[in-house]
Amino acid sequence: MKSLVPANVLNVAHIRADFPILEREVRPGVQVVYLDSTATSQKPWQVIEAMDRFYRESNANIHRGIHLLAEESTAMYEAARVKIAQLINAPSARQVIFTRNTTEAINLVAYSWGRANLHAGDVVILTEMEHHSNLVPWYMLAAELELRLEFIPVTPQGMLDLEKYRQLLKLSPRLVAFTHMSNVLGTVNPAAEIIHLAHLTEAIVVVDGAQSVPHFPVDVQALDLDFLAFSGHKMCGPTGIGVLYGRKSLLDAMPPFLGGGDMIKKVSLRSFTPNELPHKFEAGTPAIAEAIGFGAAVDYLQGIGLESIAAHEQEIISYALERLEEIPGVMVYGPTAEYKGGVASFTLAGVHAHDVAQILDADGVAVRAGHHCAMPLHEKFQLNATTRASFYLYNTVEEVDKLVHAIYRVKKIFRT
Amino acid sequence: MDDLYRELIIDRYQNPLYRGMLEPNDITFEDANPLCGDELRIDLRVDVNGLVREAAFSGHGCAISQASADLLLESILGKSLDEVRNITKEDILEMLGIELGPVRLKCALLSLKVLKAGVYGLGEADDNLVE
């Protein structure tokens, strides 16, 4: 059946009906206005039901059982991997490794690829806008191996300084690790260009896709990616499941990360042979129900279309920036709407971010306050904390209006 | 909400009475709340009888943490260090006159934690000080 709605316009009312939590009244008569999807997204019933059904009907441990339930569970777990591989256009589902989250995926690269390939004095390039998850693993590795860390600076407009990046590349880095989209500024970085330039110097590239994969199409082959890390819970899936995608030649050559069951082909009394991809990196019983839920989330997002989701978010963020910037005392950080995703981090003069968030909460408006796990970025902009409103497929312009209305209430209470 | 942001708290946040630094001082300590990035330093001057004569706080934070620091310092002037050691979480909440959830409780108790760590002469502040 052909829809009468143009391809790029979401039917947000229909979408909202899929998310039971959006009906929730956080206090009597006050419905939640959920503007914290950058921290974690809400889940549609399709995902909740897929996990529920798994536990009610199929639950068994995977990969070795011969009974029907084990075979069914294994098939469902592996089907989820295939769905995720298709989402990011991975050449093979074997290159999709399940981890706990983005953080664990990046740590896997640092511990396994990093320890095997990096040596004292090697240069690693990061950026000033990274989440702690793409900083601290490299700090730890740098301390252990005596690596030299360099940072692509962030411009006052909240963009990466690519001129400085080109200069840093003259140091012949072994690794470049950067976020595809900033979780604070919302900046969508020019990944194709950054990766292309890194490859010219033969550096390996790690992309933190925690904020990009949920919000717009990411094609690992078109981007010529080496490693991509992302989390299920930020894209309508459950917590506790994430993915590391890796180039096959790199993954094949890497030593295992965690040791234990499932990651081995053969174990004798004093030695072991690692299993093939992806099992080599999946020691122990994985988060089976969560992987299946993640698969259902990918089905859900694909059914709507990531391009349509991106277009919808672009509309919301444009409106939000316009409305926020007209409030006296509000300062929004990051680039203009065309260069960013659905994230608006702001300060309100004379009021701490915690107090803003607390008063917004009284109106049911759920936002984040603090440094959003990006302390170096806040230092750069000389900020202690910001308030962050972030948007996803289920948010509406009416919710932006509620946010703005609530900010005026903060101003009244603080007499600013 | 209007209870949480009572007149007293907004007043003390915007016009604190004990903001500043004391140099030299007898006791100084600073700590941060890693959850929100709040930082707080407290300086004390103690007289020969071991009573708090002057107190000041510096740093930055939300209205709850700043107002609680201001009210706390006001309450310890003239008190002995032993009395300061005996101040509890409940005393702070009584001073603020509000009820707080677990997240904002940390904001309210940061000043007491810093004060006690300083008075006990500890190297590091510890949540157990305000439990």
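Let's start with contacts in chain B. Take the pairs that sit at least 6 apart in sequence: 62% of those contacts join residues at least 24 apart. Keep in mind that this is a predicted model.

What does chain B consist of? Its secondary structure comes to 5 helices and 3 strands. Along the sequence, the pattern reads α-β-β-β-α-α-α-α.

Now its dimensions. The C-alpha trace spans about 45 × 25 × 25 Å along the principal axes of chain B. Is the radius of gyration in line with a compact globule, or out of line with one? A compact globule of 131 residues would come in near 14 Å, and chain B has 14 Å, so the two agree. As for burial, 43% of the 131 residues in chain B are buried.

Chain B also touches chain A. Here 13 residues of chain B are in contact with 13 residues of chain A. On the chain B side, those residues divide into 9 nonpolar, 3 polar and 1 charged.

On to chain A. The domain assignment gives two pieces. Domain 1 covers 12-31 + 305-413, and domain 2 covers 48-303. Their centres, taken over C-alpha atoms, are separated by 28 Å.

How many residues meet between these domains? From domain 1 of chain A, 23 residues are in contact with 21 residues of domain 2. Four elements each supply at least two residues to the domain 1 side: helix H10 (306-325), strand E14 (343-348), helix H12 (375-380) and strand E17 (386-390) of chain A. H10(A) gives the most, with 5 residues. By type, the domain 1 side divides into 12 nonpolar, 6 polar and 5 charged.

Next, the sheet in chain A. It is an open sheet of 7 strands, with mixed pairing. The order is E4-E10-E9-E8-E7-E5-E6. Which strands stand at the edges? They are E4 (96-99) and E6 (148-152) of chain A. Each has a single partner strand, so one side of each is left without a neighbour in the sheet. From one strand to the next, the twist averages 20 degrees.

Strand E7 (residues 175-179) and strand E8 (residues 204-208) of chain A pair in the parallel sense over 5 bridges. Thr179(A) stands opposite Asp208(A) in E8(A). There is also a helix over this sheet. Helix H5 (residues 136-145) of chain A lies across strand E5 (123-127), E6 and E7, and runs at about 160 degrees to E5(A).

Strand E11 (residues 264-268) and strand E12 (residues 271-274) of chain A are antiparallel partners, with 4 bridges. The hairpin joins E11(A) to E12(A) through 2 residues. Lys266(A) has Thr273(A) in E12(A) as its bridge partner.

I'll finish with two single residues. Ala93(A) is in the loop between helix H3 (68-87) and E4 of chain A. Why does Ala93(A) count as partly exposed? Because it has 17 C-beta neighbours inside 10 Å, and buried would take 20 or more. Setting aside neighbours within four places in sequence, Ala93(A) is in contact with Arg81(A), Val82(A) and Ala85(A). Thr74(A) is 19 residues away from Ala93(A) in sequence and 14 Å away in space, C-alpha to C-alpha.

The other residue is Tyr408(A), in helix H13 (residues 397-413) of chain A. Tyr408(A) has 10 C-beta neighbours inside 10 Å, so it counts as exposed. Pro328(A) is 80 residues from Tyr408(A) in sequence, and the C-alpha atoms of the pair are 9.4 Å apart in space.

How values were computed:
Residues numbered from 1 in each chain as written. Chains lettered and ligands numbered in written order. Predicted model: local features only at pLDDT ≥ 70, side-chain atom pairs only at ≥ 80, totals over all residues. Rg over C-alpha atoms; globule rule 2.2 N^0.38 Å. Buried ≥ 20, exposed ≤ 12 C-beta atoms within 10 Å, placed from the backbone. Contact = placed C-beta atoms within 7 Å. Nonpolar A, V, L, I, M, F, W, Y, C, P; charged D, E, K, R; others polar. Pairing = 2+ DSSP bridges. Axes fitted to C-alpha atoms, helices over the stretch in contact; angles between N-to-C directions. Domains from an automatic or database assignment.
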